[in-house]
Amino acid sequence: MRMDRATERMPHIADDRAAVDPVVDPADRSAGSTRSAATRPADDMPPAAEGRRRGRPGGVRIVCSLLVVASYVVAAVIGPVLLKYDPVATDLSVRLKPPGTRLPDGSIAVFGTDQVGQDVLAQMAQGARVSITVGVATLVLAGLIGVSFGLLAGYFGGWLDAVLMRLADIQLTFPSILLAIFIASILGPSVVNVVIVLAISNWVTFARVTRSQVLGIKRRDFVDATRTLGARTWHLVIRTILPSCTASILVVATVVLGHVILAEASLSFLGLGTPASTPSWGVTIANGRDYLSNAWWISTIPGIGLAVLVISFGVLGDALRDRFDPRMKSL
Amino acid sequence: MDNARDNAMGNASTAAAADCVVATRPLLSVRDLTVQFRTRAGTITAVDGVSFDLAEGETLAVLGETGSGKSVMAQALMGLVPRPAGRVTGGQIVYDGTDLLSRPLSYTRKLCGTELAMVFQDPLSSLNPVFRVGAQIGELFRRHRGASRAEARRKAIELMDRVGIPAAARRVDDYPHQFSGGMRQRVMIAMALALRPRLLIADEPTTALDVTVQAQIMALLAELKAEHRMSLILITHDLGLVAGVADRVMVMYAGRVVETGGLREVYETLAHPYTRGLMASIPALQGQRERLTPIAGSPPDLLRLPGGCSFQPRCRFATDICRIRRPELAPVPGRPESHRAACHHVEEVIAHGVPG
């Protein structure tokens, strides 16, 4: 019964436990659990019913949002393979067809066609590829910069903290999209430049969150305890403090990922993002703007697609925070 | 203070001449250790000129109320004084012939784990919450001994078994929050002893635990201490707890040592009013039930220490001299040489009889 409850609380360790269990002699195990029940009253305090009632917060939301995100990733990976998309092909005979039109070649344009006769669905699949690539690459770059700056500032403090955090403050005084436009107009449009631009305008969130976590964690007893066991500074920072920050960093990452994908679309919409030959959602939405009155689907459908993805990331971040926060506090 | 030091030095050298040098050199020798904290309200001296020796295999109990400086002293020994607010401002910590304070902090760090180890007060907050306990114990073997993952795991199970954790082979993959307080403290002890240190500092190891579990943990510590033949500094405010374990006792008040000596010497003849007060506030299991006598007043504000003896405002023996001159730690007249107390009225205190 004890094991059931533990498995329920920590589903991810259930597998390991199953792998370990056969090693334990059954007699030994029962002896162990009766003995432990007697000697460890505190462990048996929270009854199983309470654990069930409390459950794991945000389970449904996490699964649903992950499903949505996963379907986008699948579409981005296999969509362009199934729906051939040629960015420079034009077929004016089928331009501006509404969603569901059967085209002369027999295929159905599910999301309609745009002003040069391109299939909007194929464009979106291609755009998902660009958007998700840019989003993830930016996230990794911004995360690396932000988390390392946050760790350094939080752990070492002093002038290093002052310099790094004032840098972050200065950056926060600019609206991030304005900063992105400024840098993008200097670097020029290309996918790599978009990643750099967005990483520069998003590392601050990571740095601040990591720093605040580190400030709280480095004063905890277990850090001192690890120190008394002979751990060096780098071991402490990377292997003791950083793992305790990951929950918060993960939550920030989901929020920032949605934000970055949106920002990339904004940049592309303004013509400062990916070049026209790599159609991201922003480019498609921008192209359809002129036809909103007579062909609403060119802008609207990619826009809805973008909104759903960003909202999913938002929900995911929220649910993850709900799940990780109470535990982090009670630890 | 100088007197005391000369005395101690003198003792050491005569003893060294009589006996083999290696055998008599203490494992740890602390001289005039002073730790200060700078706060907004002013500088406080948390540890004020503490000196003691600790021989190999010996157990020293450090007693005192909250705020008496005993934990800060332990932090100073392990190089953990929180900076930049706190600073070791003076003295020597000679470990195995090397003054740790004259070496960089990294030297002390190198000794940590393999030579020095520490068990903390709160076993929940001193285990890393995000790693399984087996991984935390095993990491020591992997880092310090270059053990493989499987080997480290095996040793972790062995060690958990040794400290009395039931079904260690299964519990090795649990997280700290799945253990009870007593079991967590056992895990902490297992980690501290994993690399077989020569000196273990236990900072109130049983304070956060149930009374029933306290005795078990103390018995475990005593057992492991004997098994590993290590030295132990046991910091506590529970006089009863140390009675069965300690060889020597050191009582601290307001950062200073007020009484020290062999366990029996001190417990038989309490020579300092503060130690008497501590003793009088323990309920006796046998004999007539009486009202407990608490120590009057409250622990001193280190920012506004009274003149003369720090204990003087709470002391019923206090006279004018106590308010003017601070008593030095000196041998108690008519007692073994090692029994020392810092009080102007030692004779009077002893004459007053043993309480309880």
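Me: Hi! Where in chain A does A:Thr133 sit?
Reply: A:Thr133 sits in helix α6 of chain A. Helices here are DSSP runs of H or I with at least four residues, strands are runs of E with at least two, and both are numbered from the N terminus. This is a predicted model, where local features need pLDDT of at least 70, side-chain atom pairs count only at pLDDT 80 or more, and totals for chains, interfaces and linings use all residues. Residues are numbered from 1 along each chain as its sequence is written, while chains are lettered from A and ligands numbered from 1 in the order in which they are written.

Me: Thanks. How many other C-beta atoms are within 10 Å of A:Thr133?
Reply: There are 18, and A:Thr133 is partly exposed. A residue is buried with 20 or more other C-beta atoms within 10 Å of its own, exposed with 12 or fewer, and partly exposed in between, with C-beta atoms placed from the backbone.

Me: What is the mean pLDDT of chain A?
Reply: The mean is 78, and 81% of the residues of chain A reach 70 or more; pLDDT is the predictor's confidence in each residue, from 0 to 100. Confidence in chain A is highest in α6(A), at a mean of 91, and lowest in helix α2 (residues 14-20), at 39. Over residues 1-53 of chain A the pLDDT is below 50, and beyond near neighbours in sequence this stretch has 40 contacts in the model. A contact means two C-beta atoms, placed from the backbone, within 7 Å.

Me: And the secondary structure of chain A, what does it come to?
Reply: Chain A has 13 helices and two strands. Of its 331 residues, 38% count as buried.

Me: Which residues of α12(A) are buried?
Reply: They are A:Trp281, A:Gly282, A:Val283, A:Thr284, A:Ile285, A:Ala286, A:Asn287 and A:Gly288. That is eight of the eight residues of helix α12 (residues 281-288) of chain A, so the helix is largely enclosed by the rest of the structure.

Me: Switching to chain B. What is the strand order in the open sheet of eight?
Reply: The order is β6-β7-β8-β3-β9-β10-β12-β11 in chain B, and the pairing is mixed. Two strands pair if DSSP finds at least two bridges between them. At the edges stand β6 (116-119) and β11 (330-331) of chain B, each with a single partner strand, so one side of each is left without a neighbour in the sheet. β6(B) pairs with strand β7 (residues 199-203) of chain B in the parallel sense over four bridges, and B:Val119 stands opposite B:Ala202 in β7(B).

Me: What about β9(B), is its pairing with β10(B) parallel or antiparallel?
Reply: Antiparallel, over six bridges, with β10 spanning residues 256-262 of chain B. B:Met250 stands opposite B:Thr260 in β10(B). The two strands form a hairpin with two residues between them, and B:Ala254 in the turn has a positive phi of about 50 degrees. Strand β3 (residues 59-63) of chain B pairs with β9(B) in the parallel sense over four bridges, where B:Leu63 stands opposite B:Val251.

Me: Which residues cover the two faces of β9(B)?
Reply: B:Arg248, B:Met250 and B:Met252 lie on one side, with B:Val249, B:Val251 and B:Tyr253 on the other, and all are buried. In a regular strand the side chains alternate between the two faces of the sheet.

Me: One more, on helix α9(B). Which of its residues are buried?
Reply: B:Val213, B:Gln214, B:Ile217, B:Met218, B:Leu221 and B:Lys225. They cover an arc of only 140 degrees around the axis, which puts them on the same side of α9(B); the arc is that of the directions from the helix axis to the C-beta atoms. The face turned away from the buried side of α9(B) carries the exposed residues B:Thr212, B:Ala226 and B:Glu227.

Me: And what do the buried ones pack against?
Reply: The buried residues of α9(B) pack against β3, α8 (181-193), β7, β8 (231-236) and α10 (239-243) of chain B. Just after α9(B), B:Arg229 takes a positive phi of about 50 degrees.
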